[in-house]
Amino acid sequence: MNNKRIFTILLFIVFLFLIQSTVFGVEVLETFPPTINTDSFVISKTNATIGDTVKIAFEVTDETKVESVYAYYTKPQTGGTVSAKRLTYNEETKLYEVDLNIDNNWESGEYSIRDIRVSDGKNEAASDAERD
């Protein structure tokens, strides 16, 4: 077989692969867990009272897609954990965020983020560093 024919066959195979991936989609190999960018944390207000809403946001990246992001908070008086809060992706800011509605169930004092759990469906990332 000459080189021109081999090149034509290889080009045809690549072309078929591109058509298949465009029409049917090709799953990207998932090997790494998501990354939590702790330097990107945004907190809308540091002092809140009953009736206020506090927005928490930060960047999470992954090689494919992020399935879920949850944050856990430590209560300042009892040391208990606030129920997990699911963050949603904001297309405009490119951050995952959650609005915390402050009501009578929130203890007064300084809260810390105890844990962040991120899943991409195959791998999970966690940050257990406390963040005030």
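Predicted model: local features only at pLDDT ≥ 70, side-chain atom pairs only at ≥ 80, totals over all residues.
Visitor: Is T81 buried, partly exposed or exposed?

Guide: The relative accessibility of T81 is 38%. Buried would need a value under 20% and exposed one over 50%. T81 therefore counts as partly exposed.

Visitor: Which residues does T81 touch, not counting those up to four places away in sequence?

Guide: With those sequence neighbours set aside, there are contacts to Y72 and Y73.

Visitor: What is the C-alpha to C-alpha distance between T81 and R114?

Guide: Along the sequence, T81 and R114 are 33 residues apart. Their side chains are joined by a polar contact of 3.2 Å. From C-alpha to C-alpha, the separation in space is 7.9 Å.

Visitor: Now to S68. Is S68 buried or exposed?

Guide: S68 is found in strand β3, which spans residues 68-74. Leaving aside neighbours within four places in sequence, S68 is in contact with R86, R117, V118 and S119. Its relative accessibility is 16%, and the cut-off for buried is under 20%. S68 therefore counts as buried.

Visitor: How many salt bridges does the structure hold?

Guide: One of them pairs the side chains of D52 and K45, at 3.8 Å from N to O. Another pairs K94 with E91, at 3.7 Å from N to O. The total for the structure is six.

Visitor: K55 and E97 also meet in a salt bridge. How many residues apart in sequence are the parts that this pair ties together?

Guide: The N to O distance between the side chains of K55 and E97 is 3.4 Å. K55 lies in strand β2 (residues 53-61) and E97 in strand β6 (residues 95-101), so the pair ties together parts whose separation in sequence is 42 residues.

Visitor: Which residues are linked with K55 in a network of salt bridges?

Guide: K55 itself is partly exposed, at 29% relative accessibility. E97 is buried, with a relative accessible area of 14%. The network links K55 with E97 and D99.

Methods. Residues numbered from 1 in each chain as written. Heavy atoms only, no water. Buried < 20%, exposed > 50% of the residue type's maximum accessible area, 1.4 Å probe, protein only. Contact = heavy atoms within 4.5 Å. Polar contact = N/O pair within 3.5 Å; in protein donor to acceptor, adjacent residues only side chain to side chain. Helix = DSSP H or I, 4+ residues; strand = E, 2+ residues; numbered from the N terminus. Salt bridge = Lys/Arg side-chain N within 4 Å of Asp/Glu carboxyl O.
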